[in-house]
Amino acid sequence: MKRNKEKRNLFSIEVLGLVLGLIWIAPFYLMIVNALKTKKQIFTGVLGLPDSVALGNFVQAFVDLEFLKSLFNSVLITGVSVAVIILFSAMAGYALARNKSKLSGGLFFVFVAAMLIPFQSVMIPLVSIFGQVDMLNAAGLIFMYLGFGCSLSIFLYHGAMTSIPKSLDEAAIIDGANRFQLFWYIIFPLLKPISVTVGILNVIWIWNDYLLPSLVLNEANATIPLKMFFFFGEYTKQWHLALAGLTLAIIPVIIFYFFAQKQILKGVSEGAVK
Amino acid sequence: MSNQSKWFWIFLSPVLLALTVVVVFPFVYGFVFSFSDWNGLTATSFVGLEHYINLFQEEEFMNSIWFTVKFSVVTVILLNVFGLGLALIVTRKIKSGNLLRTVFFMPNLIGGLILGFIWQFIFISVFGDVGNLLGLESMQGWLSTPETGFWGLVILTSWQMAGYIMIIYIAYLENIPKDLIEAAQIDGATALQRFKNIIFPLVAPAFTVSMFLTLSMAFKIYDQNLSLTNGGPFNSTQMVAMEIVRTAFSDNEMAYAQAKAVIFFLIVAVIALTQVYYNKKREVDL
């Protein structure tokens, strides 16, 4: 009898969870359903399904968002930034963890302390300085992401290094490897799990970032969020087009989530708890 | 220079250069110029504390701080209630546990700017329609008053970030030894007793972590603010982060905006350092 009660409890929890789950995805449902309606249909009601499917909304949004171009810009900027962050932060985390000097400890402290600084506190001088040396472009943006992203990444790599025995370094050095070979062939492959975490945390942040690209890039080489901002401004009150654009903008993220959900949830959990 | 220190500096140089140029130098540079009449390019004279005195007397800036504090307190409470609630649901042995984790976390992957636009549609059109159906006058014109704009931002942020906080609570919940709960069950403890006497004390550290984490996240919100209400009506829903961007790039008052940014840094730093302090204290206790 107790078993039955336990089962009933579990069932009601499951129902509660599913109801909450439906509430959680309702905004996405409303977005997609209305992206498929005509302007007139949205005016007569937003809750129901569309009478006919207005795929034209998507075509126009696709063209006006210059979707392939903004997708390319986003992929390029996020991809290069994250690759650079992973490589250079891993190198730094390794160097700082293996060198036990006071200076090394001090530098590690500086990297961690830099996490305290909110973006708004450096934004104005940053834009001014990069503007004066003509670096308000994609290359400058990638360099900025390295600066903002390296702190947390070094912190995570530094922590992961404690589980890699120092005897590995010594053995490789005795076998005649130099530091670069040792790092590239032995240490970096061993850091792969933490690299996945670092990569995921940085992809989420950089892909979605709006403010920094808005200060650095012009509309011609805008990323998806930046382009979405301009697009939305153009179509205020034309919800059928605005929603089609938003749906398009979300598709790449959903595909990414679909393929990497396990690693994403694990990576975020590791990054958050540490 | 010995061989050892040569590789050390080579390995560190890319990040050292980036951090210095992107964070450290602008931070110091901005701090110095917040005491001048800097226009973003040059400064002709130092004005001392003038900007700092003015900003504390500026109604709009103080309003944005007050709004941000109110918003953060309400959001932190709701986020922790929802985060823990969702975590308790998905960690039970239910069939849809993994699917629900995925669903609750999903908004976190999509940028705040895009989510704000989606919710703008929901608050304006969907709420309007539902209000008509139910005959509720109060559902009309969301985002057009300071109060509904406030709650709009709270709802958006809670919905977006609850899944993230859920992940933190899950990590702690899964570390609770199973036999502890089973033993309590055998001893006849009710679900409520188990929660109060075992689960809650053991996830309390997660609460400390997530409380300060959510507090600093809430304090720094910009994208959602911009896309959902754009600060309106009449700047009544403008948070500090947005106030600073506006002062700098719309009003072009660079030195003054930088002074606000310094104050913003101090507030965020106090929140973050308190978090570190509490976490360290907790570690000693264990």
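The model is predicted: local features need pLDDT of at least 70, side-chain atom pairs count only at pLDDT 80 or more, and totals for chains, interfaces and linings use all residues. Residues are numbered from 1 along each chain as its sequence is written, chains are lettered from A in the order in which they are written, and side-chain values use heavy atoms, with hydrogens and water left out.

Chain A splits into domain 1 (1-53) and domain 2 (58-272), with bounds from an automatic or database domain assignment. Here are the values for this pair of domains.

| Item | Domain 1 and domain 2 of chain A |
|---|---|
| Separation of centres (over C-alpha atoms) | 34 Å |
| Residues in contact (heavy atoms within 4.5 Å) | 10 of domain 1 with 10 of domain 2 |
| Buried area (accessible area, 1.4 Å probe, lost on being put together, summed over both) | about 720 Å² |
| Salt bridges (Lys or Arg side-chain nitrogen within 4 Å of an Asp or Glu carboxyl oxygen) | 0 salt bridges |

Carbon and sulfur atoms give 81% of the buried area. On the domain 1 side, Met31(A), Ala35(A) and Lys39(A) lose the most area to domain 2, together 63% of what that side buries.

Now for the elements behind that side. Both α1 (2-35) and α2 (39-44) of chain A supply at least two residues each to the side of domain 1 that touches domain 2; helices here are DSSP runs (H or I, at least four residues). The top contributor is α1(A), with 5 residues. By type, this side of domain 1 has 6 nonpolar, 2 polar and 2 charged residues, where Ala, Val, Leu, Ile, Met, Phe, Trp, Tyr, Cys and Pro count as nonpolar, Asp, Glu, Lys and Arg as charged, and the others, Gly among them, as polar.

Technical notes
Buried area = accessible area lost by both parts, 1.4 Å probe.
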